[in-house]
Amino acid sequence: MTVTDDRPASVLGTRLLRREDPALLTGEAKYANDLNVPGALHLAVLRSPYAHAKILSVDVSAAAELPGVVAAYSGTDLSGLWASPMPSAWAVTPDMKNPAHYPLASTKACYVGDGVACVLATSETIARDALELIDVQYEPLPAVVDLEDALSDRVVIHDELGTNSSYTWDLKIEGTEGQVAQAFADAAYTVSERFIQQRLIPMAMEPRAIVAVPQPFGGDMTLYSSTQIPHILKVMTALTLGIPEHQMRVVAPSVGGGFGSKLDVYAEELLCVALARKHKVPVRWNEERGENAVATTHGRGQIQYVELAADASGKLTAVRIRIVADMGGYQQLITAGIPILGAFLYAGVYDIPHAYDFSCTGVYTTLTPTDAYRGAGRPEATYAIERAMDVLADTMGIDPMDLRKRNFIAKEQFPYTAFTGLVYDSGDHLKAAELAAEMADYAGIRAKQATQNVPGATKLLGIGQASYFEMCGLAPSRVLASLNYSAGGWEAATVRVLPTNKVQVVTGTAPHGQGHETAWSMIVADRLGISPDDVDVLHSDTAIAPLGLDTYGSRSLPVGGVAIAMACDKVIDKAKKIAAHQLEANEDDLDFAGGSFTVKGSPDRTMPLAAIAFEAFTAHNLPDGLEPNLEAQVTYDPPNFSWPFGTHICTVEIDTETGNVEVLQYVAVDDCGNQVNPLIVEGQVHGGVVQGMAQALYEEAVYDTDGNLKNASLAEYLVPAASDVPSITLGHTITPSPTNPLGVKGIGEAGTIGAAPAVMNAVIDALSGLGVTDMPMPASPHNVWKAIQAAQGASK
Amino acid sequence: MKISVTVNGTAHESDVEPRTLLVHYVREVLGLTGTNIGCDTSSCGACSVHLNGEAVKSCTVLAAQADGQSVTTIEGMATDGVMHPMQQAFMENHGLQCGYCTPGMVMAATSLLKENPNPTEEEVRIGLEGNLCRCTGYHNIVKSVLAAAAK
């Protein structure tokens, strides 16, 4: 018998229920707007009703006189508070044009919702009432709503830039000049499509909320914010306000969803901190939903020109992409980089030669700034290639599944060095596609379609597929350097064994619904051979977890979780020195399993971690020179991205008389490598799929030509309800990542990446018999009906 | 104005402005912050509570309208430190992620089962359409409610 045989089955890979849940289910959890802070003043922000206007004058005197109002300020009044403009961390090109952007505009408003004045009052209602007493004189200017109109510079928004174009970023493959043009000249088939990625409003269920608490005499400042990025926010707030970083603390309490929209440094965060400093009292702000719709960043917003070249067998020979990306009125934290995150993925999961040409121009409009939204650049890229593949299959007259199989990167080709130089860690696209096809009964639905979609039929069946690759686990710091991003992509972890063998884990990830406390406790339990109940996970407070780069880009597990596993291994290494000393054995002769060290071949000479933890605490008998603690810190910089993949298949039925699309079945087969907790993985996919489905069928930020957002509420912006979406059928393949010790990949964004193209391919497939070849998202009844009418008109 | 409201079994006498909404009353006057606010158009249902045992959106009820009535918030669902079967079902079926919609969802779901103890999946989906969730895609919420019904 060996010790290993006694080891309990690992908790890793089990469906452990979440430890986060009881507090959330009982109302015990505290979100930022639940915090009770005595003496706090309430901030309210007056927002521009114009998309584009000169600010001629701001008179706050009447507001300042309202009983309960402590102060009212224009943008000019506060201009002395900022050490620098609001941060933009991603200058994608050296000559990128980026206007100075301050928490309140003082000379010009650049979108509806741009803050122009603010009030501090003793209650939220008084503060909001006072806004109505502020008199702002505007000179309205023409709005710039359309991206290609913006590119024309008919109206230049930021005079000091002289143009609306912020940057043009090209991805050219060195040594391949002329190959793309040659491939298109030689192609048996070509595809040329223009797709629109409509603007989306993230609509996390918790609007943003902020409390800034100063210590006027000590100098310290604590910022509580509904944020995904407490660590980045701390550095950026310190820099923007000139506060010494060591005196700045940021806490993200329970955070009610983010989806990228809380991955930012917002005007209201800076206003609360600056005004708390100025007035020497706490200042708080709660976002209303209507404000959230205009003052929190939007997602997507691109025009995509997609060209594919293929040989006679349908094998792709070149990909050429032109993107126009909507920055909005200003850049927020990583606005410019969002489309660039997709730049590497426009060839999707396909084995293409080194013939790839990508160019993206970022352009300012007079709309709410865009920034990260679940998937951030990668759903857009996947949509473009996957829709274009269906168009190619249609052109060739072959089944789209068949076309994809002819082009998949084969399992044997991994690790696969792509044309971009990036290495795809592992994958088996064919297996995922075949599993999805089997689960969806792809052949059966095709057969049913042949009998159902006959001339005159009013209920049309469609089936659509998307196979995706996701570049996630942001990110190897050197790759970020090559993209001119101003920070690294590492993550920090500390694992600390307490004297009673309970374990504290300190992580730099910042969960807002993902269940990190549960998942990280499982990693530690597995590594150290203890129960997850004995592990406490500390996070989201820069005073407790000072190092970290937070949660976005499906990075928390493949970077932060891996850092924790590595810190556990360092703890075991140190514990081994203590065990060897105590057991009078050579370190090389010790095995560690089930939470105990045992001398090889002598099962009775054993020392459990609990005893070692206590020895480390008393320090009575440690090896010479060994520090009396049992803890380790790791800062892990991933050597590669992680590359989850999968195939989603959607089946729809469309009523041609009403234009209504009903999703009959949705099958998602995702491969995120080894799964720490399948329960959590499934939840991420469910939610992601519905968010992608929402882009395909329901959601769009609708603007009029004057730049007014016409659906700035949850009554008008169609976040799907339970009755709007189906249950989802999940399958998984497991192809571990070879680049990290857990073999894991990210899963937070995969569902969203696969869903929009799968749904839209199904919609177009259903309508193809009517001559419909494309339509803009969302495939609302109106858009579907219009597409049918247009196709029918064209065919008459 | 003076109101007397029984909240989670405890009688409260309060003096409130006539315009005070029930959601602001429970959150700000009584300090019961488990009831969340997610919108300003009565669309999201995050603020759902029970008024005399039936789910209402507490942003569309004045505190004054609750005078003499009985209100249950999420804090009143557990008994003797044990979560309500609906709360347990949400935990067991991973029916929540960020948790912000969850208190309202639990209140709406318990009210739904009171009306219809054995709903179909479709009836659950339609019954919860006044409560929005951005994290779960509803899949596990529906599963949780069906599981609670089966208990």
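Predicted model: local features only at pLDDT ≥ 70, side-chain atom pairs only at ≥ 80, totals over all residues.
The domain assignment divides chain A into domain 1 (3-11 + 490-636), domain 2 (32-141 + 207-255 + 262-295) and domain 3 (302-475 + 640-795). The centres of domain 1 and domain 2 of chain A, taken over C-alpha atoms, are separated by 41 Å. Contact between these two domains of chain A involves 12 residues of domain 1 and 13 residues of domain 2. On the side of domain 1 of chain A that touches domain 2, four residues are nonpolar, six are polar and two are charged. For chain B, the assignment gives domain 1 (2-75) and domain 2 (85-150), with 21 Å between their centres, taken over C-alpha atoms. Here 16 residues of domain 1 of chain B are in contact with 12 residues of domain 2 of chain B. Strands β3 (48-51) and β4 (54-57) of chain B are the elements that give two or more residues to the side of domain 1 that touches domain 2, and β3(B) provides the largest share, three residues. By class, this side of domain 1 of chain B has six nonpolar, nine polar and one charged residues.

Within chain A, an open sheet of four strands has the order β18-β26-β27-β28 and mixed pairing. From one strand to the next, the twist averages 15°. Strands β18(A) and β26(A) (residues 645-655) run antiparallel and are joined by 11 bridges; S467(A) has T647(A) in β26(A) as its bridge partner. Two helices of chain A pack on this sheet. Helix α13 (residues 429-440) of chain A touches β18, β26, β27 (661-671) and β28 of chain A, and its direction makes about 30° with that of β26(A). Helix α19 (residues 678-697) of chain A touches β27 and β28 of chain A, its direction making about 135° with that of β27(A).

A further open sheet of chain A has three strands in the order β4-β2-β6, with antiparallel pairing. Its edges are formed by β4 (108-109) and β6 (135-140) of chain A, each with a single partner strand, so one side of each is without a neighbour in the sheet. Two bridges pair β2 (residues 53-59) of chain A with β4(A) in the antiparallel sense, and K54(A) stands opposite K108(A) in β4(A).

In soluble globular proteins, nonpolar side chains tend to be buried together. The largest nonpolar core of the model has 321 residues, and those with the most contacts inside it are L43(A), V524(A), I564(A), V759(A) and V763(A). Helix α17 (residues 556-583) of chain A gives the largest share of this core, 14 residues. Among the residues that L43(A) touches are C118(A), L120(A), L271(A), C272(A), L275(A) and W285(A).

The contact between the chains takes 42 residues from chain A and 45 residues from chain B. On the side of chain B, α2 (85-92), α3 (102-115), α4 (121-127) and α5 (139-150) each supply at least two residues. The residues of this side comprise 23 nonpolar, 15 polar and seven charged. Helix α2(B) is largely enclosed by the rest of the structure, because six of its eight residues are buried. These buried residues are M86(B), Q87(B), Q88(B), A89(B), F90(B) and M91(B), and they pack against α2 (21-26) of chain A together with α3 and α5 of chain B. H94(B), which follows α2(B), has a positive phi near 50°.

A cis peptide bond with omega of about -10° joins F414(A) and P415(A); P415(A) is placed in the loop between α12 (400-407) and β16 (416-417) of chain A. The peptide bond from M777(A) to P778(A) is also cis, with omega near -5°, and P778(A) lies in the loop between α20 (750-767) and α21 (781-795) of chain A. Positive phi in residues other than glycine occurs at N484(A), with a value of about 70°, and at D550(A), with a value near 75°. N484(A) is in the loop between α15 (477-482) and β19 (491-497) of chain A, whereas D550(A) is in the loop between β21 (535-538) and α17 of chain A. With 17 other C-beta atoms within 10 Å, N484(A) is partly exposed; D550(A), with 26 other C-beta atoms within 10 Å, is buried.

Note on methods
Residues numbered from 1 in each chain as written. Chains lettered and ligands numbered in written order. Pairing = 2+ DSSP bridges. Axes fitted to C-alpha atoms, helices over the stretch in contact; angles between N-to-C directions. Contact = placed C-beta atoms within 7 Å. Core = buried A, V, L, I, M, F, W, Y, C linked by C-beta atoms within 7 Å. Buried ≥ 20, exposed ≤ 12 C-beta atoms within 10 Å, placed from the backbone. Nonpolar A, V, L, I, M, F, W, Y, C, P; charged D, E, K, R; others polar. Domains from an automatic or database assignment. Lists of a residue's contacts leave out its neighbours within four places in sequence.
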